[in-house]
Structure formats: C-alpha cells, structure tokens
Amino acid sequence: MSLTAEQEDLRDAVRGLLASDPARDPGAAWRRLCREVGVAGLAIPGRYGGAGAGPAETGVVMAT
C-alpha cells in the first residue's frame, strides 16, 4: 500500500517530532504529539472537534 501525500506528511511530522525529543520521555513525547500534530483527535469525527481521519492515518501514526 502506498501512502498519499497527506499520509506521508503525517508520518514525517510524527517521525520528526519523535526524533527531536532528546529526553526520550514518553509522556513528554505524547503531549507534544497531541499538541503539535493532533494525534489524540485523529480518529475523532470532525463534527466533534477531531481530525476525522480514518484507520489508514491512525495506522501511519502507530507504525511510526
């Protein structure tokens, strides 16, 4: 399966954020992922304030 441009951007954002976290603190990394990339709301429908992404985008984040 090939990724769309948006999925590649999401993957790159998550990878970049995790690579730039020198402390390797999972709590700090999660907070940054939520604040800067919005991963906590990724699969939440847009009408409820989330990103409305599907399983493919969730899988991209989880595989990173």
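Me: Before we look at the fold, what counts as a helix or a strand here?
Reply: Helices (H or I, at least four residues) and strands (E, at least two) are DSSP runs, numbered from the N terminus. This is a predicted model, where local features need pLDDT of at least 70, side-chain atom pairs count only at pLDDT 80 or more, and totals for chains, interfaces and linings use all residues. Residues are numbered from 1 along each chain as its sequence is written, and side-chain values use heavy atoms, leaving out hydrogens and water.

Me: Which residues make up the largest nonpolar core?
Reply: A nonpolar core is a set of buried Ala, Val, Leu, Ile, Met, Phe, Trp, Tyr and Cys residues joined through side-chain atoms within 4.5 Å. Buried means under 20% relative accessible area, with exposed over 50% and partly exposed in between (1.4 Å probe, protein chains only). Here the largest such core has eight residues: Leu10, Val14, Leu17, Leu33, Val39, Leu42, Val60 and Val61.

Me: Which element gives the most to this core?
Reply: Two elements give two or more residues to the core, α1 (5–19) and α3 (55–63). With three residues, the top giver is α1.

Me: What is leucine 17 in contact with, beyond its neighbours within four places in sequence?
Reply: Contact means heavy atoms within 4.5 Å. Leucine 17 belongs to the largest nonpolar core. Setting those neighbours aside, its partners are Ala29, Arg32, Leu33, Glu36 and Val37.
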